[in-house]
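Good morning, everyone, and thank you for making time for this. I would like to walk through one structure with you, slowly, and with some care about what can be said of it.

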Amino acid sequence: MFPRPIEHTAPATQLLYKVALPIALILWLLPLLGVAMTSLKPSSDLAAGNYFGLPSQIAFSNYADVFNNSPIGKYILNSFKVTIPTVIGAVAIACLSGFALAVYRFRMNLLIFFLFVAGNFVPFQILMVPVRDLTVSTGLYNTITGLALFHIAFQSGFCTLFMRNFIKGLPFELIESARVEGVSEFRIFWYIVLPLMRSAIAALSVLVFTFIWNDYFWATVLTTSAETQPVTAGLYSLNGQWIAQWQLVSAGSIIAAMPPVLMFFLMQRHFIAGLTLGATKG
Amino acid sequence: MTGSATTAIAATQANTPGIWKRNQRAWAPWIFLAPGIAMFALYVIYPIIASMWLSFYDWDGLGTKTWLGLDNYVELFDDEAFYTSLYNNIIWLVLYMLAVPAGLFVALFLNQTVTGIRIYKSLFFFPFVISQVVVGLIFSWFYAPNFGLFYNMIEWLTGTGIAVLADDRYVTYGIIAAGLWPQIAYCMILYLTGLNNVAPDQIEAARLDGARGWKMLWHIILPQLRPATFIAVVVTVIGALRSFDLVSIMTDGGPYGSSRVLSFYMYEQALSEYGFRMGYGAAIAVVLFAIMMIFISGFIWKMVRDERGL
């Protein structure tokens, strides 16, 4: 292990490390802690100049205010409506194309694979105007469907890369022996490969959920009204209305951040496995 | 279990040779690829070509397109705001790369096995999970004049506070600092996983040879972390060139356009209240795309080499 395990060092060093850990963590999360604290302060605290101290009383009322006096509930719902179909769609497409690129040898294989990879890296702005036109002309502008369709298409690049590399790591003999027995290609996919992809599907779903939930650019380009906007775009417009009411801005931010944070803590192992696939071999 | 399933399936279709049966190995990949290719071609490949085409036109998004030839690009050459954005993009790119060594540093700090370390690791990773919109709001609060934590710390240290986001000398650096926060967390997690897979016997052997500290890190550990470093560099470069959310949330490009980056300037020209100059916006996007392509080709070139090597 590197660096040298702390248990093998002098007791003073060990103590120092154990003291340094929480201090480093607090410094690292200082901006976040400040916002969390602000979200629990009654507005009188802020008016009286109590910016850094503890709240004079815990004001959950800020959260109630945000829910009652702004469409944030609607925004959150919209975010789910965009995110969940995108996760399902992108992961399903990626299972299919990842399988095709991992299992079959054909001349265009690498070319198609690297088109998916490269497409995944392009700046969003080069897609913006034509994608917006396409969405307008199909009547899907400012709809949840229009936004989700684009996300599915774009995410299928990254997801295909992920799935293809995962399937490449599976034992190929399984497929070979099924072929020898005359099993059709579709059945091989459905009955042999797909059941082995469960952990990859879980990891990819958590990742895509977070990416899409946190998307802001496409939400502003493809949706315009509170009826359809997801919470990231919604928060931007609320921030404009809540000028200097930091207790509300903070509460709204915390609410918007909650779903991916919960997802992360519940599915941590899958999340990190997904994120770091490829960081260990290569 | 799989074995008996496959024999059962095989038995049901043993006696049906036909044109499909003979060709399925050649056709199957295209059937599996069809939905992915269709979606990707429609929403990614076609728009790239359409944007390039559009950059030669003058278009307000609704009326007729007027052919301009290279005029949009000629205009870019004299556009002060374009140079500001380009310059800021370079600052972003350079400073964002700090996330890679910083992430490695945090990973080395946390790569221990004391009790509770797993919770520390997840909490350090936390900023990456939150949306950039929220990160932007958090840092706006952090920098806010008069009551922001950062403002007060500076005031306490130097006597006068700095309104980072309202000062054209500091604004870009202030936004980059906000961007580095989640990016360092991302690089950290890549390195933590990498460190987990460093061969222990090599470390022991090097220790016996007297390698320690920096020497060990440089000669033994870093070479083994190369895959993690590659991915960290890729995601950091892409992240720096994609920076849009934080600029939009924290300053809207201000003050006086001094914190614009190319991605934001493009959006401003093509879609914001300042005008619907789609053609000009497309030209900016093409420049950004060209810059990105330099890096993308490099990454792909390395990946192709690895693929061939396998």
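I will begin with confidence, then turn to the record, the salt bridges, one loop and finally the aromatic rings.

Please keep in mind throughout that this is a predicted model. For chain A the mean pLDDT is 89, and 98% of the residues in that chain reach 70 or more. Where in chain A is confidence lowest, and where is it highest? The lowest mean, 76, belongs to helix 3 of chain A, at residues 43-47, whereas helix 5 of chain A, at residues 72-103, has the highest, at 95.

Now to the record. An unreviewed UniProt entry gives the feature "transmembrane region" for several stretches of chain A, among them residues 15-37 and residues 188-213. If we look at what the model does over residues 15-37 of chain A, we find 96% helix and 0% strand, with the end C-alpha atoms 30 Å apart. Residues 188-213 of chain A are likewise 96% helix and 0% strand, and there the end C-alpha atoms lie 34 Å apart.

Staying with chain A for a moment, there is a nonpolar surface patch of about 400 Å², and the residues that make it are A:Leu15, A:Val19, A:Ile23 and A:Leu27. One of these, A:Leu27, sits in helix 1 of chain A, which covers residues 11-28, and its relative accessible area of 58% makes A:Leu27 an exposed residue.

Let us move on to charged side chains. How many salt bridges are there over all chains? The count is six, and I will describe three of them. In chain A, A:Arg179 and A:Glu185 form a salt bridge in which the closest N and O atoms are 3.1 Å apart. Are these two partners buried or exposed? A:Glu185 has a relative accessibility of 2%, so it counts as buried, and A:Arg179, at 14%, counts as buried too.

In chain B, the side chains of B:Arg260 and B:Glu268 also form a salt bridge, with 2.7 Å between the closest N and O atoms. Here again both partners are buried, B:Arg260 with a relative accessible area of 18% and B:Glu268 with a relative accessibility of 7%.

B:Glu204 counts as partly exposed, because its relative accessibility is 41%.

Next, I would ask you to find the loop between helix 13 (245-250) and helix 14 (262-271) of chain B, where B:Pro255 is placed. The peptide bond that joins B:Gly254 and B:Pro255 is cis, with an omega of about -5°. B:Asp252 is found in this loop, and although B:Asp252 is not a glycine, its phi is positive, at about 55°. B:Tyr256, which is also in the loop, is another non-glycine residue with a positive phi, of about 50°. With regard to accessibility, B:Asp252 is partly exposed at 38%, while B:Tyr256 is exposed at 86%.

Finally, the aromatic rings. A search over all chains finds 52 aromatic pairs. One of them is the edge-to-face pair of A:Phe121 and B:Phe299, with 6.1 Å from centre to centre and 75° between the planes. This pair crosses between chains, for A:Phe121 is in helix 6 of chain A (residues 109-121) and B:Phe299 is in helix 15 of chain B (residues 278-309). Both A:Phe121 and B:Phe299 are buried.

A further pair is made by A:Phe150 and B:Tyr43, whose ring centres are 5.8 Å apart and whose planes stand at 75°, so this pair is edge-to-face. It joins two chains, because A:Phe150 lies in helix 8 of chain A (residues 144-168) and B:Tyr43 in helix 2 of chain B (residues 19-54). A:Phe150 is buried, with a relative accessible area of 0%, and B:Tyr43 is buried as well, at 5%. Both rings belong to one aromatic cluster, whose members also include A:Phe124, A:Trp218, B:Phe244 and B:Tyr267.

That is where I will stop, and I am glad to take questions.

Notes: Residues are numbered from 1 along each chain as its sequence is written. Chains are lettered from A and ligands numbered from 1 in the order in which they are written. This is a predicted model: local features need pLDDT of at least 70, side-chain atom pairs count only at pLDDT 80 or more; totals for chains, interfaces and linings use all residues. Side-chain values use heavy atoms; hydrogens and water are left out. pLDDT is the predictor's confidence in each residue, from 0 to 100. Helices (H or I, at least four residues) and strands (E, at least two) are DSSP runs, numbered from the N terminus. A salt bridge is a side-chain nitrogen of Lys or Arg within 4 Å of a carboxyl oxygen of Asp or Glu. Buried means under 20% relative accessible area, exposed over 50%, partly exposed in between (1.4 Å probe, protein chains only). UniProt positions are given in the numbering used here, feature names are shortened, and annotations may be inferred rather than shown by experiment. Patches are made of residues with over 30% relative accessible area and no salt bridge: like charges are joined within 9 Å, nonpolar side chains (Val, Leu, Ile, Met, Phe, Trp, Tyr) within 5 Å. Accessible areas come from the Shrake-Rupley method with a 1.4 Å probe; for residues, only the protein chains shown count as cover. Rings of Phe, Tyr and Trp (its six-membered ring) pair if their centres lie within 6.5 Å; planes under 30 degrees apart count as stacked, over 60 as edge-to-face and the rest as tilted.
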